Amino acid sequence: MTATAQPAARRDATAPAHPPAGGHLSRVPQGFATLFAALGLLCALLLLLLVLARGEFYAVSRRGAVWRALAVLLAGLAVATLLGWGLVLLFPGTLPAGRHLAWAADRVCGGLVPGSAFGGRPPRQVTFLLGLFGALALLNAAATLFRSQRLEAALHGDEEAGIRALLAAYGHRDSLGYFATRRDKAVVFSPSGKAAVTYRVEAGVCLASGDPVGDPEAWPRAIDAWLDLARRHAWAPAVMGASEAGARACARAGLGALQLGDEAILHVPEFDLAGRRMRVTRQAVHRIRRTGAVCRIRRHAYLGEREMEQIVRKADAWRDTETERGFSMALDRLGDPADGDCLLVEALGEDGRLLALLSFVPWGRDGVSPDLMRRDRAAPNGVMEFMVAELCAAAPKPGVRRVSLNFAVFRSAFEEGARIGAGPVLRLWRRLLLLLSRWWPLEALYRSDAKYLPEWYPRLLCYGDTASLARIGLASVIAEGFVSVPSLRKLWRKGHPDSGRRPATTAGPPSAPVSGPAGGDGAGPAAPGRGSAGPGPCPVPHPRPAAGDGDVRAGGDVGEGVGRGGHAHGTGVGAGGNPPSSSPPGSSPASACTPCPTSGAA
């Protein structure tokens, strides 16, 4: 035995040295082991600290979050194991054939079994990928567990009726008030029910729009209730498009404020196409009039079902995006029976073909605010200016004295940055906005409003924490529809479109005083719905004018005012089921119809 062992020893001594089977990467210095042990101890201490301070983590988690996270973890580990099994089959290394699946499952779960028990191993790159798959599954489960609660964005029960009751009493204060009735928003009322804040949660941001609805004296309590809700669910609070009064109320509650842009408002008695500054708008209006185009103005309540369906189809066909955009200044439910008070303005060609349409929501009893603007791509340029001018000409008869136009984001930067003497920072900011206008209509919205010489009213962004401004910006573009977040629910809805429009609260504003969740104020009478029982609008008492004059037809409180050549289009105010805002106090007797035998006084 001694004679045979010595030559073997000599051969070992003269043989070339080879690195261990793991290569140079397997030679981990002993200092790293000490470092990893220290990191493990630190993590244990941090975990103990979190357990002791668990009372500070008061945010409400999603219902069933633990079971959902466990399901996500198990599904992720299963998918990772299958992927790892496929990799091990392709690159088995020295691993025996019957151990491929067991090795993949063990590595994905973090190496619960020592590697020597398998009798071999695949290449280190495969082992690294299997560990990475397991870590991704664990992180996805953790994100599911700690994801902030997202309440269903919908109005329930009598909430919409309560909001409409508040709008009937206080809707004249904010041009964005009617958009609080969007049904993809949730609502929180003040304890007295006299004010409410509507919101939607996007990207962990509790996003409200406009001012609170209701009595300004109850705004602070409604804002406090909304902030408490956001705090309980760890949402970042933000308000888009608040007026100066609403921003002051938010500031008193501890929120910051930044001017987001300006809202353009036309005061109808002061609107006039004459003058050098209105020359471009006046030329556009006259150009459309010379083509023989006419304008028709009606309330939604007095359109028939089939006619409204045609309007909706036209609006959908003329939309240049796949989905409807808008959150703070859009209803996203054209043709809903509950919106009978909304005003429809149509431009018709000489042959009767529909060229464009505008839909306005009520702003109190003497104002309207834009909801939807659509035009045929083949319509002549200037048709929108034509409709706005004709609306202002016909507005006094239905009692409209204020017309809100588009909201111009960063309006002051476009206007002040173009002036002589503007500073370098302001000029640079304007150039950046012009660059962004290639993708988003920032400058186009400003210029489309400025041509009417409106009065500008600031709109502000209110926020809770400066560090959350980036997240608030992301939530805003998601809510407005400029960025679409993919989800399984959206894919399902895309493949299974709704069979029809959800009527929800089709009765419109309540006909009797309605209390909010805590006893709000009363509401006005209900607006008529299409197909409802009862007498229709009265016929206009005077004879049909000659061609070229105002052609007033029976068809509603505003009627079908069709005119040519710059005449003010007649607008008959009907009796018998008129919307509450269609007969303002002090309206002209000539604009009312003779009372029907079955209806009350006009």
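This is a predicted model: local features need pLDDT of at least 70, side-chain atom pairs count only at pLDDT 80 or more; totals for chains, interfaces and linings use all residues.

Trainee: What's the ring geometry for Y199 and W235?

Mentor: The ring centres are 6.3 Å apart and the planes sit at 45 degrees, so the pair is tilted. Planes under 30 degrees apart would count as stacked and over 60 as edge-to-face.

Trainee: And where do Y199 and W235 sit in the chain?

Mentor: Y199 is in strand β2 (residues 195-202), while W235 is in the loop between α7 (219-232) and β5. They are 36 residues apart, so to speak a link between distant parts of the chain.

Trainee: How many aromatic pairs are there in total?

Mentor: The count is four. Another of them is Y446 with W456, and that pair is tilted too, because the planes are at 35 degrees, with the centres 6.2 Å apart. Y446 belongs to helix α14 (residues 442-450) and W456 to strand β12, ten residues apart.

Trainee: OK, switching to β5. How many of its residues are buried?

Mentor: Seven of seven, so β5 (residues 236-242) is mostly covered.

Trainee: Which way do β3 and β5 pair, parallel or antiparallel?

Mentor: Parallel, over five bridges, with β3 covering residues 205-209. C206 stands opposite P237 in β5.

Trainee: What about β5 and β12?

Mentor: Those two are antiparallel, over three bridges, and β12 spans residues 455-463. V239 has C462 in β12 as its bridge partner.

Trainee: Last topic, helices. At what angle do α9 and α11 pack?

Mentor: About 95 degrees, with the axes 8 Å apart. That makes α9 (residues 279-290) and α11 (residues 383-394) roughly perpendicular to each other.

Trainee: Which residues make that contact?

Mentor: From α9 it's T281, A284, V285, I288 and R289. From α11 it's V383, E385, F386, A389 and E390.

Trainee: And how does the contact of α9 with α11 split by class?

Mentor: Six nonpolar residues, one polar and three charged.

Definitions and conventions. Residues are numbered from 1 along each chain as its sequence is written. Side-chain values use heavy atoms; hydrogens and water are left out. Axes are lines fitted to C-alpha atoms, for helices over the stretch in contact, and angles run from 0 to 180 degrees between N-to-C directions. Helices (H or I, at least four residues) and strands (E, at least two) are DSSP runs, numbered from the N terminus. Angles under 35 degrees count as roughly parallel, over 145 as roughly antiparallel, 65 to 115 as roughly perpendicular and the rest as oblique. Contact means heavy atoms within 4.5 Å. Ala, Val, Leu, Ile, Met, Phe, Trp, Tyr, Cys and Pro count as nonpolar, Asp, Glu, Lys and Arg as charged, and the others, Gly among them, as polar. Buried means under 20% relative accessible area, exposed over 50%, partly exposed in between (1.4 Å probe, protein chains only). Two strands pair if DSSP finds at least two bridges between them. Rings of Phe, Tyr and Trp (its six-membered ring) pair if their centres lie within 6.5 Å; planes under 30 degrees apart count as stacked, over 60 as edge-to-face and the rest as tilted.
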